[in-house]
Amino acid sequence: MKKLSLIGFLGLSFFAFSQNIKPADERKNDEKSLLVKPDQSELDAKKKAAEEKAKLPKPYDPKADAEKDIQNLIAKAKKEKKNIMIQAGGNWCIWCLRFNQFVQTTPELKSIVDKSYEYYHLNYSPDNKNEKVFEAYGNPGEKFGYPVFIILDKNGKMIHVQQSDVLEEGKGYSLEKVKEFFKEWVPKS
């Protein structure tokens, strides 16, 4: 029995050591080869997005005093019987810039906004995270990403938070969905 056990042990040992064991530097090269290199179409898409971002207007002001600006908008909204539309995001966010451009260049949407809302771009960036303001509205960017829309009534009471991805269509926004969103939150007479 001892002989059989010894033969089994030697056989297993031989099998284990006969495996193709690579030196550490070869293993490192194998690990690096597991990294996926971006294909040309991915690089082209990133370049195209960067070019688009460079051309779009930059509505967010990192130096703005958002607390003061919003208080001024509340006073104006009371007088004009409008609600306040806060578009939270930053100039770093392609979807934020696309939404702004879409609203500003689509007469149907611009008309609704100009008639019913005071519109404000609340900056969130490394330069100015506006933490106190975001905290007052429950930090919706942490939950939904950017842009995120915060609707205030004429008295400054938050009445709705809207994530933006449900308004998207392809590489932009849906006219019908955005129009419906804006119309849903116009001030009630």
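How much space lies in the second largest pocket? About 190 Å³ of space lies there. The structure is a predicted model, in which local features need pLDDT of at least 70 and side-chain atom pairs count only at pLDDT 80 or more, while totals for chains, interfaces and linings use all residues. Residues are numbered from 1 along each chain as its sequence is written, and side-chain values use heavy atoms, with hydrogens and water left out.

**Pockets**

A pocket is an open set of points on a 1 Å grid over the protein atoms alone, with protein on both sides within 12 Å along at least five of seven lines; its lining residues have an atom within 4 Å of a point. The volume is the space filled by probe spheres (1.4 Å probe) set on the points. Residue classes are nonpolar (Ala, Val, Leu, Ile, Met, Phe, Trp, Tyr, Cys and Pro), charged (Asp, Glu, Lys and Arg) and polar (the others, Gly among them).

The largest pocket has a volume of about 220 Å³. Among the residues that line this pocket are Lys-81, Asn-83, Asp-153 and Trp-185. Its lining comprises four nonpolar, two polar and five charged residues.

The second largest pocket is lined by Ala-45, Lys-48, Ala-49, Glu-52, Ile-94, Trp-95, Arg-98 and Lys-171. Four of these residues are nonpolar, none is polar and four are charged. Helix 3 (40-55) and helix 5 (94-105) each supply at least two lining residues, and helix 3 gives the most, with four. Helices (H or I, at least four residues) and strands (E, at least two) are DSSP runs numbered from the N terminus.

Four strands form an open sheet of mixed pairing in the order 2-1-3-4, where two strands pair if DSSP finds at least two bridges between them. Strand 2 (117-123) and strand 4 (158-163) stand at the edges, each with a single partner strand, so one side of each has no neighbour in the sheet. Neighbouring strands are turned by 20° against each other on average, direction ignored. Strand 1 (residues 83-89) and strand 3 (residues 148-152) pair in the antiparallel sense over five bridges; Ile-84 has Leu-152 in strand 3 as its bridge partner.

Helix 4 (residues 66-80) lies across strand 1, strand 2 and strand 3, at about 175° to strand 2. Helix 9 (residues 175-184) lies across strand 1, strand 2, strand 3 and strand 4, at about 110° to strand 2.

**Helix packing**

Axes are lines fitted to C-alpha atoms, for helices over the stretch in contact (heavy atoms within 4.5 Å), and angles run from 0 to 180 degrees between N-to-C directions.

| Helix pair | Angle | Axis separation |
|---|---|---|
| Helix 6 and helix 9 | about 10° | 10 Å |
| Helix 5 and helix 6 | about 90° | 5 Å |

Helix 6 is therefore roughly parallel (under 35 degrees) to helix 9. The residues of their contact divide into six nonpolar, no polar and three charged. Helix 5 is roughly perpendicular (65 to 115 degrees) to helix 6. Phe-102, Val-103, Gln-104 and Thr-105 of helix 5 meet Pro-107, Leu-109, Lys-110 and Val-113 of helix 6 in this contact.

**Backbone**

Most residues other than glycine have a negative phi, and most peptide bonds are trans. Lys-81, in the loop between helix 4 and strand 1, has a positive phi of about 55° although it is not a glycine. The peptide bond from Tyr-146 to Pro-147 is cis, with omega near -5°. Pro-147 lies in the loop between helix 8 (140-144) and strand 3.

Note on methods: Angles under 35 degrees count as roughly parallel, over 145 as roughly antiparallel, 65 to 115 as roughly perpendicular and the rest as oblique.
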